[in-house]
Amino acid sequence: MRIAMKHKYSKYLNGLGLLFVVWSINFSGLNKHYFSAKPGGDPEERILARVDSVMEMMTLEEKIGQMTLFTSDWDVTGPTIRATYKEDIRAGKVGAIFNAHTAAYNRELQRVAVEETRLGIPLLFGYDVIHGYKTIFPVPLGEAASWDLEAIEKSARVSAVEAAAAGLHWTFAPMVDIARDPRWGRIMEGAGEDTYLGSLIAQARVKGFQGDDLGAVNTVVACAKHYAAYGAALAGRDYSTVDMSERMLREIYLPPFKAALDAGCGTFMTSFNELDGVPATANKFLLDEILRKEWHFPGFVVTDYTSIDEMINHGYAADQRQAAEQALDAGVDMDMQSAAYYNHLEDLVKSGDVQEEQIDQAVQRILRMKFLLGLFDDPYKYSDEARQKRELLSPEHLEASRDVARKSIVLLKNERGTLPLNRDIRKLAVIGPLADNHQDMIGAWSGAGDAKDVTTLLQGLRNVVGQRVVYAMGCEADQDNRDGFAQAINLAQSADAIVLAIGEKAYMSGEAASRSDITLPGPQLELAQRLKETGKPLIIVLMNGRPLAIPWLAEHADAIVETWFLGTQAGPAIADVLFGDYNPSGRLPVTFPRSVGQVPLFYNMKNTGRPMDPNNKYTSKYLDIPNTPLYPFGFGLSYTTFSYGDPRVSRTTMQAKGSITASVEITNTGKLAGTETVQWYIRDLVGSVTRPVRELKHFERVHLQPGESRQVSFEITLNDLKFYDKDLHYKAEPGDFQVFVGPDASTERSVKFTLN
Ligand code: GLC
């Protein structure tokens, strides 16, 4: 609008613009056209005025440069690297660089842009700071298991402080893709299967990254990705086809993106997948209809790595020129690594296939972000080596990482009080390929994290009980070799208990890391079975980036803790839980199936016309396995126990403009203080379209002393009952509802009410 208006009255505005430019330019050295803001007025208006005054002076080629993002060769996160990115910067043909980091290196690249290009427009530096920059936190699926929004925000906050100290302005996070298929490797990167939990976590992460002021030197602009529905890839295979109803898209996959936007997320990233036949990178329904017209998103949209180019493989574009036109027409502002805009936009404008106004719209959004970040006022403000030295791996950050890691651990089994371990244990055998492993602890997408900074599980346990810990690796997780079994078994026979650290290698989850088999890789299960034969208490420490099918362990281990990949402080955090310094409070953010044959398996499924009935052949079930999961969504144990009273509602009928309050009494019936995550689910019994058997609508983490009871309540409003009805109108329908409350999604503790 602004730009269109400006072009209409350009002869007047050019004069005014020129005056403003002359007035505001402060020449400080060669080529430095930084535009100080006019005092007073609406901040957004002031920013846009400054943007416009820069754009007045830009050539078409320079504008297209701002729409071009290239990777440096410091890190590899995709299939191509351009060796000429530094020359491209110098030529003013690149506006942003990713995978470049550290204060010194980014200062040097920034100097080239600011001192050696015609207009000196500063670069934007982006990087995948997904769960930490140098201090690495648990992988996001692990953090989601904490259900602790403050802890999750804290993790993103520390990540931003360190990233911004290392010359970065922009993180390609949070990844907010809902994932219901554990075969998909990127399930580790998000918040699991649930839309409500995923939306709250998306908001927490955006707030953590962006803080209250993008211009501050300890905040970075966030990027909600991958827009959209990337997690619904057919067969759980990365980059695969996505095809779903608009209802499912709006109900399940879009809300976390809207939550991120409502939290102020400054950028969005398009996904690799097609959606209903149109690649997301050229999907006008997603990028214009929803993102701009319905949601009024003010930020800019970047593609994923070469995803404009990939529309040729999709069979949607005949060549890169057509792909560039399609992406721009759909609403993509910045091209990551295809060089499609770099190669073709100027020609597309000159041939009249695209309008310069479209270019101007994109450039305005991008420059607006650079002004918000303060880069025009001081392009070097994020490259301060003293701050970098002070912030990275600081004691406070390491403690924060350990705290978030502890809270991410889920106790899946604990028979006969096997855990917590006694500090006076005579001898503890620590075994397994992940017990003294540094690199895998930081998981996939570990940014600038360094394995040498990791404290392993073995080190963490030795920090507590010293040399009374004995260790053997036993086997590798990805090699079919049993040579180490004998030593491990022999060690176990001399010990009082066994801690067996098994699971996946970090490379087995993350991007391009789908698995068709979600059981333990290599000979790990066999090692566990041999160790079980020793008769010693067998404590399994799982380290993995996805739900694993572990039915034998679930039946035969004495205790199991799910620890995901916990980051730099993995060892101390797990030791805190195993020795009872922290009573585990994690809850699964994703269903654990018994077998990959059940997948996709998630808690909020539909009832079907023939719901499973074990006494009736003709109902929805398998011949060879129950329908139920190994561990349900929301599941997690504690070293104490909790009991729930019968839930009640303040009244049995609810008026559309009113609310009712559901409540229940929770009691800590054990001997230790502990935290219970009380979960509330709602079922709409009859709708104009079928409704899930239940949906998470509220939860509360409640810390109770032994013997303590507390009333926990949930005020249900109309918003908790809305859905996309048969006409895709988002509304609640009168009728009967059931509200469930309990420790996980399998609870049958419920009470009914009616919406009038
Ligand atoms: C990768 C990922 C995306 C990441 C980007 C830049 O291919 O899909 O999540 O942010 O490229 O590294």
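Predicted model: local features only at pLDDT ≥ 70, side-chain atom pairs only at ≥ 80, totals over all residues.
**The cores**

Which residues have the most contacts inside the largest nonpolar core? They are Trp 170 and Tyr 227. That core holds 197 residues. Helix H16 (residues 356–372) gives the most to this core, with seven residues. There is also a second, separate core of 24 residues. Val 664, Ile 716, Leu 721 and Phe 737 are among its members. As a general rule, in soluble globular proteins nonpolar side chains tend to be buried together.

**The sheet**

Three strands form an open sheet in the order S7-S8-S11. Their pairing is parallel. Strand S7 (223–227) and strand S11 (300–302) are the edge strands, and each pairs on one side only. From one strand to the next, the twist averages 25°.

How many bridges join strand S8 to S11? There are three, and S8 covers residues 267–270. Opposite Val 301 in S11 stands Phe 268. Helix H11 (residues 255–262) lies across S7 and S8. H11 runs at about 160° to S7.

**Two helix pairs**

Two packed helices are described by the angle between their axes and the distance between the axes. The table gives both values for two pairs.

| Helices | Angle | Axes |
|---|---|---|
| H8 (residues 149–165) and H9 (residues 195–210) | roughly 35° | within 7 Å |
| H20 (residues 485–493) and H21 (residues 524–532) | about 35° | 10 Å apart |

H8 passes H9 in a right-handed crossing. On the H8 side, the contact uses Leu 149, Ile 152, Glu 153, Ala 156, Arg 157, Ser 159 and Ala 160. These meet Leu 200, Ile 201, Ala 204, Arg 205, Lys 207, Gly 208 and Phe 209 in H9. By class, the contact of H8 with H9 has eight nonpolar, two polar and four charged residues.

The crossing of H20 and H21 is right-handed. H20 brings Phe 485, Ala 488, Ile 489 and Ala 492 to the contact. H21 brings Glu 526, Leu 527, Arg 530 and Leu 531. What classes do the residues of the contact of H20 with H21 divide into? Six are nonpolar and two are charged, with no polar residues.

Notes
Residues numbered from 1 in each chain as written. Heavy atoms only, no water. Axes fitted to C-alpha atoms, helices over the stretch in contact; angles between N-to-C directions. Helix = DSSP H or I, 4+ residues; strand = E, 2+ residues; numbered from the N terminus. Left-handed = near helix turned anticlockwise from the far one by under 90°. Contact = heavy atoms within 4.5 Å. Nonpolar A, V, L, I, M, F, W, Y, C, P; charged D, E, K, R; others polar. Core = buried A, V, L, I, M, F, W, Y, C linked by side-chain atoms within 4.5 Å. Buried < 20%, exposed > 50% of the residue type's maximum accessible area, 1.4 Å probe, protein only. Pairing = 2+ DSSP bridges.
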